[in-house]
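Please look at the sequence and the 3D structure below.

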Amino acid sequence: MIAAPLPDDENARLATLRVLQVLDTDPEERFDRLTRMARRLFEVPIALVSLVDADRQWFKSAQGLDVPETPRDVSFCGHAILSDDILLIPDTHADPRFVDNPLVTGAPHIRFYAGCPVRAPSGHRLGTLCLIDRVPRGFDADDQATLRDLAFMVEQQFAAMYMAMVDELTGLANRRGFESQAGHVLALCRRKQWPATMLYFDLDHFKHVNDRYGHAEGDWALKSFADILRFCLRASDVIARTGGDEFVVLLSGTATEQMSPALERVRTQVGALNLRAQRGYALDFSVGDAAMAADRPLTLEELMQQADAAMYAHKQSRRRMG
């Protein structure tokens, strides 16, 4: 068996998957309708909408398969998301990548696989619409065109979810997406008695950038800062753009005194960007933090209000200092 390598955009791909808040959700008719259609059109026993998570593939819709997920390292879909092309395996027994795969040698005894990647509007491949049979079979050009059409319908459903939860400019969660995702994470922290820290960022002199250099330059600054936050923070941290030049981050399992290295990484990367880009202005930010101790639970609203107040105090102190 040959496990699939990670895609080049793995971190951003996983971040997009997290923002969608679709993993481990209940079945939905809009996806089940498409897998039922695929199963009937192609006369296969199994049709799936599979999402490739960090260490598993999870099925948003499954026809003909009872398990909700399988490990990523044995997944066919982990290979399928490496390209925009359909991954077609007419006979797994003739393919060295899969001949000794436990999903081939054991249940569900895969002999045929066809998986078409499904993407978010950002272009990141989230998973596949895939077909599975227990016997080898052919799959001609018309079949492939039909599978692509059905996969596009799946993409449309994810696009609707994406647009409701994601900031279009930066690709981070928007306020609605943040409140949904951070609410779940904070509830987990309270249940597990873990600490959590909220960071509230505001870009300094952002109005000046827009007024002097134009809104396209302002968009560049926002996207650049969003990229820095993604790069410097953990994949498990919930990051969002909640206002024009405001960004928030929820760090789970992290006490306030432990977040200093993360902030220092952000400052270092912003400084490096300014030296490298030479845009005629220096990108800079004010930041405030608020903490929830393991034994003192807070609501998401309380954390955000405290971090916002701390950010404002930091901005005022910076102005007084010149």
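Beyond its neighbours within four places in sequence, Thr-16 is in contact (heavy atoms within 4.5 Å) with Ala-120, Ser-122, His-124, Leu-126 and Tyr-162. This is a predicted model, in which local features need pLDDT of at least 70 and side-chain atom pairs count only at pLDDT 80 or more, while totals for chains, interfaces and linings use all residues. Residues are numbered from 1 along each chain as its sequence is written, and side-chain values use heavy atoms, with hydrogens and water left out.

Thr-16 sits in helix α1. Helices (H or I, at least four residues) and strands (E, at least two) are DSSP runs, numbered from the N terminus. Is Thr-16 buried or exposed? Thr-16 counts as buried because its relative accessibility is 5%; buried means under 20% relative accessible area, exposed over 50%, and partly exposed in between, with a 1.4 Å probe and protein chains only. Other buried residues of α1, which covers residues 10-20, include Glu-10, Arg-13, Leu-14 and Leu-17. The cover over the buried residues of α1 includes β1 (46-52), β6 (125-133), α5 (141-165) and α6. Just after α1, Gln-21 has a positive phi of about 55 degrees.

One of the elements covering α1 is α5, and Val-154 belongs to helix α5. Val-154 counts as buried because its relative accessibility is 0%. Leaving out residues up to four places away in sequence, Val-154 touches Phe-31, Leu-34, Val-49, Val-118 and Leu-129. Between Val-154 and Ser-286 there are 132 residues in sequence and 41 Å in space, C-alpha to C-alpha.

Next comes α6, another part of that cover. The axes of helix α6 (residues 175-192) and helix α10 (residues 300-320) come within 10 Å and cross at roughly 115 degrees. Here axes are lines fitted to C-alpha atoms, for helices over the stretch in contact, and angles run from 0 to 180 degrees between N-to-C directions. Which residues make the contact? From α6 they are Arg-175, Phe-178, Glu-179, Ala-182, Gly-183 and Leu-186, and from α10 they are Leu-300, Leu-303 and Met-304. Gln-193 counts as exposed because its relative accessible area is 55%.

Another loop, between α4 (102-105) and β5 (112-119), holds Pro-108. A cis peptide bond joins Ala-107 and Pro-108, with omega about 5 degrees. His-109 is in the loop between α4 and β5 too, and its phi is near 60 degrees, a positive value in a residue other than glycine. His-109 counts as partly exposed because its relative accessibility is 40%.

Helix α7 (residues 206-213) contains Asn-210. At 15% relative accessibility, Asn-210 counts as buried. Apart from neighbours within four places in sequence, Asn-210 is in contact with His-215 and Gly-218.

Finally, consider the whole protein. How many helices and strands does the protein have? There are ten helices and ten strands. The C-alpha trace spans about 75 × 45 × 35 Å along its principal axes. Of the 322 residues, 48% count as buried. Among contacts with a separation of 6 or more, 66% come from residues 24 or more positions apart.
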